[in-house]
Amino acid sequence: MATSHEKGTFFALSYEAKYSDTPAFKFFVIANAIVTVYAFLVLFIPSESQLWGLVLALDLVFTMLLISSISAALAVAQVGKKGNSSAGWLPVCGQVTKYCNQVTGALVAGFIAIITYIILLLYSIYTFLNPLLGKNG
């Protein structure tokens, strides 16, 4: 997403479509960067550490952050692709197809990241609660 940009023309007007022009796309990039750094730091926490309760809570928070960021980015991408006739917004993907394809790829990767993160969150919950429930297995 962070490298998506393309120049286009509409009638005699020249413009450049880039992710940084859209706050929802910036939110998507920043949220994914934060979660990536957090996930990398968690790799260095020893398995016996008392911090795993905090990690579980932060995993939940960061999963919600990822979901909200992709939701916002999807809403803007939908307007870019289809436009909004009620508001008078025209679709732009016909003029900047490379940009729209790159954004679509980033959103697909974001969905894969969310699914992966939800699976990891469920595993973390299971691992954290299993000793508390007195079950071994």
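The legends below describe close-up views of a predicted model.

**View 1. Packing of helix H1 against helix H2.** Helix H1 covers residues 23-42 and helix H2 covers residues 52-82. Their axes lie 8 Å apart and meet at an angle of about 155°. Angles over 145 degrees count as roughly antiparallel, so H1 is described as roughly antiparallel to H2. The crossing of the two helices is left-handed. Residues of the contact between H1 and H2 comprise 20 nonpolar, three polar and one charged.

View 2. Apart from neighbours within four places in sequence, Asn-32 is in contact with Leu-66 and Ser-69. Val-108 is 76 residues away from Asn-32 along the chain, and the C-alpha atoms of these two residues are separated by 13 Å.

**View 3. The aromatic pair Tyr-38 and Phe-62.** Two aromatic pairs are counted in the model. In this one, the ring centres of Tyr-38 and Phe-62 are 4.4 Å apart and the ring planes stand at 45°, so the pair is classed as tilted. Tyr-38 belongs to helix H1 and Phe-62 to helix H2, so the pair ties together parts that are 24 residues apart in sequence. Tyr-38 and Phe-62 are both buried.

**View 4. The aromatic pair Phe-40 and Phe-44.** The ring centres of Phe-40 and Phe-44 lie 5.2 Å apart. Their planes are at 80°, which makes the pair edge-to-face. Phe-40 has 48% relative accessibility and therefore counts as partly exposed. Phe-44, at 59% relative accessibility, counts as exposed, because the cut-off for exposed is over 50%.

Note on methods
Residues numbered from 1 in each chain as written. Predicted model: local features only at pLDDT ≥ 70, side-chain atom pairs only at ≥ 80, totals over all residues. Heavy atoms only, no water. Axes fitted to C-alpha atoms, helices over the stretch in contact; angles between N-to-C directions. Helix = DSSP H or I, 4+ residues; strand = E, 2+ residues; numbered from the N terminus. Parallel < 35°, antiparallel > 145°, perpendicular 65-115°, else oblique. Left-handed = near helix turned anticlockwise from the far one by under 90°. Nonpolar A, V, L, I, M, F, W, Y, C, P; charged D, E, K, R; others polar. Contact = heavy atoms within 4.5 Å. Phe/Tyr/Trp six-rings, centres within 6.5 Å; stacked < 30°, edge-to-face > 60°. Buried < 20%, exposed > 50% of the residue type's maximum accessible area, 1.4 Å probe, protein only.
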